[in-house]
Amino acid sequence: MALAIICSGGDAPGMNPAIKKFVDYAYKKGKKSYFIYDGLEGLIDNKIKEANHKDVAGIVHIGGTIIRSSRSKRFFEYKYRKIAYKNLKEHNIMGIVVLGGDGSFRAMDKFSSEFDINFVGIPSTIDNDIYGTKYCLGVDTALNVIRDALDKIRDTASSFNRAFIVEVMGRDCGYLAVVSAMISGAEICVIPEVEFHSKALEKKLTQEIKDGRKYVLAIVSEGSKQTSEIHKWIEDKLGLETRVSILGHIQRGGNPTVYDRLMAFDFTIKAVDYLLEHKDFNKVVVYNDGCFNFMNIQEVVSSKYQLPEHYLDAINYLD
Ligand code: F6P
């Protein structure tokens with residue numbers, strides 16, 4: 001019986017170290033390992049190949065994923081899931097390690113309710129929006145990319161009388177925005193989870209500008225969909241010329257940080273051990289307060305991730 005690994009949905013830095021550890025560790029455990037290329041699309045198209053040491057040599061420092069990923073529309077249809085199942089059986093694959101976000105876990109949950117599929121998910125998304133885990137693979141690298149961009153933007157912002165708005169990713173979750181605002185000392189942070197209090201903040205910043213403040217840095221989460229609104233608000237109400245930087249997909253790239261490499265190794269070992277040692281499958285490896293654990297996929301996909309309360313407090317500039 002063999003094990004396979006697949007990446008699904010948005011790629012995240014740390015996937016390659018996880019893929020390397022998967023192949024090396026499966027070998028150590030005497031198991032054949034397979035790559036499923038191109039995510040769930042590749043699973044439907046039978047892009048399944050046996051992996052060996054040469055495939056994973058020299059990849060630990062590279063961002064993205066060497067086995068590629070996809071967002072599959074076809075996988076929503078039963079007939080394609082049936083084909084995917086047949087492909088797995090053909091290769092005698094008894095368990096899959098799934099690197100993905102909650103969309104991918106939802107797809108696997110559906111798949112496993114219809115066919116006898118065993119998988120363990122590793123939360124892998126820069127959004128850090130998966131219920132049940134405080135950490136998802138790729139977040140530390142993405143935050144460091146954002147930190148680097150913000151440090152540079154502050155250099156130019158502080159050289160002019162200007163405001164800068166930096167839009168960060170995160171889908172519907174404000175995690176990247178809040179943490180970036182905290183570590184850069186941004187004056188404004190706008191996230192989907194919290195209503196933006198423009199009146200009180202306007203009063204506070206107007207006073208600060210009167211007192212000599214020369215520039216303002218605002219972090220806006222893409223999920224708030226308020227970038228243009230905040231732009232107009234700063235120019236109209238605070239009277240500062242404003243520039244907007246949308247960081248976009250650079251946040252998904254870059255060499256995984258030390259933390260993401262180490263987390264990738266630990267997450268993968270836990271996932272493989274679980275597949276080899278247990279009979280109740282379809283779990284997600286979760287990481288909380290320094291400990292790894294396993295959560296039922298149904299629980300993970302049926303609840304919504306909540307930002308920690310103290311993060312919300314940190315961006316309440318009005319107290
Ligand atoms: O989920 C990761 C993520 O990068 C989100 O932050 C973003 O909203 C989305 O994926 C972008 O998706 P795509 O790569 O399909 O444009």
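This passage describes the fold, the surface and selected residues of one protein chain.

The structure is a predicted model, in which local features need pLDDT of at least 70, side-chain atom pairs count only at pLDDT 80 or more, and totals for chains, interfaces and linings use all residues. Residues are numbered from 1 along each chain as its sequence is written, and side-chain values use heavy atoms, with hydrogens and water left out.

The protein chain holds eleven helices and eleven strands. Both are DSSP runs, numbered from the N terminus: helices are H or I with at least four residues, and strands are E with at least two. The radius of gyration of the chain is 22 Å, close to the 20 Å given by the globule rule for 319 residues, so the chain is as compact as a globular protein of that length. That radius is taken over C-alpha atoms, and the rule is 2.2 Å times the number of residues to the power 0.38. Along its principal axes, the C-alpha trace spans about 70 × 35 × 35 Å.

Of the 319 residues, 55% are buried. Here buried means under 20% relative accessible area, exposed means over 50%, and partly exposed lies in between (1.4 Å probe, protein chains only). The accessible surface of the chain comes to about 14,400 Å². Carbon and sulfur atoms account for 50% of that surface. Such areas come from the Shrake-Rupley method with a 1.4 Å probe; for residues, only the protein chains shown count as cover.

Among contacts with a separation of 6 or more, 75% are between residues 24 or more positions apart. Charge was also counted. The chain has 42 positive and 42 negative side chains. The centres of the two sets lie 5 Å apart. Lys and Arg count as positive and Asp and Glu as negative, while His and the chain ends are not counted. Each charge is placed at NZ of Lys, CZ of Arg, CG of Asp or CD of Glu.

The cysteines were examined next. A disulfide is a pair of cysteine sulfur atoms within 2.5 Å, and by this rule the count is zero. Cysteine 173 is in no disulfide. Its nearest cysteine sulfur belongs to cysteine 136, 8.8 Å away. Cysteine 173 is buried, at 5% relative accessibility. For cysteine 189, the closest cysteine sulfur is in cysteine 173, 11 Å away and too far for a bond. Cysteine 189 is buried too, at 8% relative accessibility.

Two asparagines have a positive phi. Asparagine 46 has a phi near 60°, a positive value in a residue other than glycine. Its place is the loop between helix H2 (39–44) and strand S3 (48–50). At 29% relative accessibility, asparagine 46 is partly exposed. Asparagine 92 has a positive phi of about 60°, although it is not a glycine. It sits in the loop between helix H3 (78–90) and strand S4 (93–100). Asparagine 92 is partly exposed, with a relative accessible area of 44%.

Isoleucine 93 is found in strand S4. Its relative accessible area is 6%, so it is buried. Neighbours within four places in sequence aside, isoleucine 93 is in contact with Ala2, Leu3, Ala4, Tyr34, Ile48 and Leu88. Isoleucine 93 and tyrosine 34 are 59 residues apart in sequence, and their C-alpha atoms are 8.2 Å apart in space.

Alanine 107 belongs to helix H4 (residues 102–114). It counts as buried, at 18% relative accessibility. Leaving out residues up to four places away in sequence, alanine 107 touches Leu40 and Phe75. Its C-alpha atom is 7.5 Å from that of phenylalanine 76, 31 residues away along the chain.

Lysine 237 lies in helix H8 (residues 227–238). With a relative accessible area of 45%, lysine 237 is partly exposed. It touches Glu202, Thr206 and Lys232, with residues up to four places away in sequence not counted. Lysine 237 and lysine 199 are 38 residues apart in sequence and 9.6 Å apart in space, C-alpha to C-alpha.

Glutamate 309 is in helix H11 (residues 309–314). It is exposed, with a relative accessible area of 56%. Glutamate 309 and asparagine 293 are 16 residues apart in sequence, and their C-alpha atoms are 22 Å apart in space.

Methods. Contact = heavy atoms within 4.5 Å.
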